[in-house]
Structure formats: structure tokens, C-alpha cells
Amino acid sequence: MDTLRIEGGQVLRPDMTVERADVLVDRDDGTILDIGTDLDADASETLDADGCLVMPGLVNAHCHVSMTLLRGYADDKELDAWLREDIWPAEAALTADDIRVGAELGLVEMIRSGTTTFADMYFDVPEIVDAVEDAGLRARLGHGSVTIGKDDDDAWDDIEESIEIAREFDGAADGRIRTAVMPHSLTTVGEKYLREAAAEAHEDDIPVHYHANETTDEVDPIVEERDEHPLSYAKDLGMLTERDFIAHGVHVDDEEISLLAESGTGVVHCPASNMKLASGMAPVQDMLDAGVTVGIGTDGAASNNDLDMFDEMRDAAMIGKLAADDASAVAAEDVVRMGTAGSADAIGLPGGALEVGGVADIAVVDLDAPHLTPANDLVSHLAYAARGSDVRHTVCDGQVLMQDREVLTLDESSVMERAREAVTELRDRI
Ligand SMILES: CSC[C@H]1O[C@@H](n2cnc3c(O)ncnc32)[C@H](O)[C@@H]1O
Ligand SMILES: [Zn+2]
């Protein structure tokens, strides 16, 4: 058997306790064989975790990974103006090669900061599939459809593309890639298209993922036109089921929180994007109290402006307290759980916890840094003090993606060089 032993570290267990232990991984099937102090001495390969915390790989539950190319391209605007005046015109000029190199750049950033799994909505999805296959991460990918501003034929083509992509690539990369049908939002996709997309997705047991209740500009027109709140509309459309998950969920009222809890629909909280675009403060503690499955996502690098899930957990804790007007709200344990198991549950992928028989998706965090000293409480450090750059090794599906801060699956400097060139040419085209 081909095995990997991560040795000498402290391990974060699913109940948020930390204990001294080694982790033994079966690299043939990518699962955890054992966790303990007396493990079989021989392993095919070892990773040193002395002075480190071994934790589940982080799960970025909502992203547009190729938007790394638009990092810093347009800042300091609210969502609608940002999308219409800057982002959508720039995206119209992106080529398939741009999408590929933007995805690779984002995947390098994720691997470097301990993210092993992500969910992504974009276009030219086959390029993203290839990049994920090479990089070795786990992902739920989908084509984002928009129908406003399109004639009926073009609108149906876009919806059909989302369904076809979801069917074609589900199970790709030895099962590491799963898919979803991804209509962009409840206001940018028309009612009949949403209904059909959800029905077709669910017929094949494929989830639906969309932006919802992100800004008041998005909520108010639905309430005015339909006399119901967006998530009640989504329920009528068949888009609020246990396998589905929404991004943002900022402006949700109590009734909508109950709908989310009853249906089991996941919510991906995107605190940095919500702050940067001044979209609002999501009632995260209320959602947790109601039993909603809440994960965390970075959103794209153009509204964040990085893909570091440690940053995101810290932001989630900070804004969660502000939103609840309660310093005990959205506590350290809560955000670490949301950035790992909560996200994995929301997007319906394995991972998010280190347990025997579970997938070997692991981040090893180097604690030997001034900002992580002293080690009073390691869960507190993960939530409030650690940074993506503290990650020393990243493992996904039993494969080592980064060892001693060297990314093994992608050529980092070549990716960065190609990304710079792509953006020089892109800016000429826009
Ligand atoms: C049609 S593919 C996905 C689409 O979503 C855009 N996008 C990026 N961030 C956000 C956000 O916070 N809310 C809504 N839409 C967003 C992205 O630029 C793509 O066009
Ligand atoms: Zn988004």
C-alpha cells in the first residue's frame, strides 16, 4: 500500500480539540487510515509537521477563480455599478486561455494558503476543469448563466450550456470534480429559465448554486414585483432544496432563515466581498442559531482581493459580531467550522474534518511565527491570527500539492508570468 505519514504535529479534531498525533494516509484511495501517536512505523513517504498544526484543508465555498486576472482592476464601487461598468465589459474580452491561466493563478494561491476544495461559477468551464485536474484540488464547478439582455434563443443556449457542462464534467478528475447548474442570480436570470434549470439539474441529482439576497437592490425589485421575498420565490421555483446552495444571503429576513433551515439549503457567507462592495452584514449568528448550514467563500479576487480563507474566517468572525452587536457571536470555533466542515456540507463535497476513513484533504500550518506566539489557543489562532502564508504543506485526496511551501503540481513562476502577459494583452483589448 502507498502511504503518507504526516508526523510530529498537533492535530485539529472535528470537535475542535487539538491533540498531539500523526496522520497516516492511504495514497491509493486518498483517505485517512489512522490518526494517533503509535502508528505503523513504515510509510512510503513522510511530511514533517513538528511545530505545526495539522488541520482539514480549507473549503472555499464560493469563488470565480479566473477573476484573479481582474484583481485590482476595479475597486471601491457597489455591486451593480462594479459589474455593469467594469467587470462585465472586461469579462467580455476574456479568452479561453485567459480563463485557464487565471484559474491556475487562483489555484496556486489556494494551494499556498491551505485551501483544498472550492466551488466555482464562471464560463469556459472546460478550461477550469483542466486546471483543477492538473492542480490536484477538489471542486464543484459550474457554468454561470445570465439571461437578462439576451433574446430568448440566446438565453436558452446559456441555460442549456450550464446543464450540459454539469452533466459532462460530473465525476471528472477521478471524481474530485463534481458540478452544479449555476444560474447567476434570481434577478439576472428570468423566471421560466430558472424553473427549467432547477428541474433539469435535480432530475440528474445535480445541485443548483446561485447568488441570492446579496444587496437590497436585488431584494427590493423581487418584493415589489412578486409580493414575496427572494428565497420564497426561489422555493416556488424549486431552487431551495437540500443539495442547493446560495452565495451571500446578506439581506435575509426571519422567514427566509426558516426556509433555509427547513430546506437544508446551504448558505455561503462571503464577508470580504460583502464589506468591499458595501452589500451589507449577513445575520450569520441568526442563521447558525436556526440550524442553517453555513460555509465561507472568498467570492472572486476582484471583490476581495485575495483567495486566502484564513483572512475570510477572520473577517467572518469580525463582521459577525458587528452584525449581531454581540462580541460573543460568530466565535472562533464557529468560523473554523464554517471554513471547513460547514463549507464542505454546504457544497455537498467530502472533507472539512480529519477523521479515519474520511478524505485526506489536509493543511499543515507552521506555528513557528511571532504572530502565532504564544500558542494559548490554537483554534483562536486559526480564526484570528493565522495567515495563508503560514501554511507549510497542502495535501488533497492523499496527494501532496505543496511541500515546505513549494507548490508541486503547478509551475508557480510560469503561471505568474503567463498571467502578467495575459493581462497586458487583455487591457489592450478592453
Ligand atoms: C456568469 S459567471 C459569474 C459572474 O458572477 C460575477 N460576480 C462576481 N462577483 C459577484 C458578486 O459578488 N455578485 C454577483 N456576481 C458576481 C462574475 O463577474 C461573473 O460575471
Ligand atoms: Zn460571486
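Start by selecting proline 374, which sits in the loop between strand S17 (362-366) and helix H13 (378-385); helices (H or I, at least four residues) and strands (E, at least two) are DSSP runs, numbered from the N terminus. Proline 374 is joined to threonine 373 by a cis peptide bond, with omega about -5°. This is a predicted model, in which local features need pLDDT of at least 70 and side-chain atom pairs count only at pLDDT 80 or more, while totals for chains, interfaces and linings use all residues. Residues are numbered from 1 along each chain as its sequence is written, and chains are lettered from A and ligands numbered from 1 in the order in which they are written.

Next, select asparagine 304 and asparagine 305, where another cis peptide bond is found, with omega about 10°. Asparagine 305 belongs to the loop between strand S16 (294-296) and helix H11 (309-324). Most peptide bonds are trans, and most residues other than glycine have a negative phi.

Now move to aspartate 227, in the loop between helix H6 (216-226) and helix H7 (230-236), which has a positive phi of about 55° although it is not a glycine. Is aspartate 227 buried or exposed? Aspartate 227 counts as exposed because it has 9 C-beta neighbours inside 10 Å; a residue is buried if 20 or more other C-beta atoms, placed from the backbone, lie within 10 Å of its own, exposed if 12 or fewer, and partly exposed in between.

Then select histidine 248 in strand S14 (residues 245-248), which also is not a glycine and has a positive phi of about 85°. Histidine 248 is buried, with 29 other C-beta atoms within 10 Å.

Turn to ligand 1, which has 17 residues around it, with Ile87, Met121, Gly144, His211 and Gly300 coming nearest; a residue is near a molecule if its C-beta atom, placed from the backbone, lies within 6 Å of it. Helix H1 (79-92) and strand S9 (115-122) each supply at least two residues of this shell, and the largest share, 4 residues, comes from H1.

Finally, show helix H2 (residues 96-112) with helix H3 (residues 125-135), whose axes come within 8 Å and cross at roughly 35°; axes are lines fitted to C-alpha atoms, for helices over the stretch in contact, and angles run from 0 to 180 degrees between N-to-C directions. Among the residues that meet here are Ile99 and Leu107 in H2, and Ile128 and Val132 in H3, where contact means C-beta atoms, placed from the backbone, within 7 Å.

How values were computed:
Two residues are in contact if their C-beta atoms, placed from the backbone, lie within 7 Å.
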